[in-house]
Amino acid sequence: ERKKKLRLLLRKKAAEELKKEQERKAAERRKVIDERCGQPKDLDSASEEQLRQICKEYHDRAGKIENLKYDLEHEVVIKDYEINELNIAVNDLRGKFIKPTLKKVSKYENKFAKLQKKAAEFNFRNQLKTVKKKEFTMDEEEAAAGEGGEAVEAAA
């Protein structure tokens, strides 16, 4: 029974701390939002000149934020590049290389390429000239010349 009480107390304490943490985060969030956005302006009772001034302030603030965003994105790109270079250097020193990510290739493209290759070979064979071998004809003439060689020479 004592263990149950201790567990119950621990749960209550954890719930209280979780609630405090959530409240602290919410307060910090509100503070950051107020700091970045500023206090809301009273647009209804403002004169035209005040409205222009307010618009100019918001425009300037938006420009600064865009500049900051661009700088941070550029910095992230540079850091990513440096990290990649350092990883390559570490892998070179270890002697191990990361296998590159392979591109996804469709099965059907490979089959289509093979079919095209076969078709090209087939066309190549058809385009070759047929050559009649004269070996057999020469053998036959020599054989005739051997048997009746004198008759061939006399005719010539």
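Helices (H or I, at least four residues) and strands (E, at least two) are DSSP runs, numbered from the N terminus. What you see is a predicted model, in which local features need pLDDT of at least 70 and side-chain atom pairs count only at pLDDT 80 or more, whereas totals for chains, interfaces and linings use all residues. Residues are numbered from 1 along each chain as its sequence is written, and side-chain values use heavy atoms, with hydrogens and water left out.

Let me start with helix H1, which covers residues 2-37 and contains Arg 11. Arg 11 has a relative accessible area of 59% and is therefore exposed, given that buried means under 20%, exposed over 50%, and partly exposed in between (1.4 Å probe, protein chains only).

Now to the pairs. Side chains of opposite charge can pair when their charged atoms come close. A salt bridge here is a side-chain nitrogen of Lys or Arg within 4 Å of a carboxyl oxygen of Asp or Glu, and a search of the whole structure finds four of them.

In helix H1, Arg 24 and Glu 28 sit four residues apart, about one turn of the helix, and they form a salt bridge whose closest N and O atoms are 3.2 Å apart. Arg 24 is partly exposed at 43%, and Glu 28 is partly exposed at 44%.

In helix H2, Lys 56 and Asp 60 are also four residues apart, and their side chains meet in a salt bridge at 3.7 Å, N to O. Asp 60 is partly exposed, with 37% relative accessibility.
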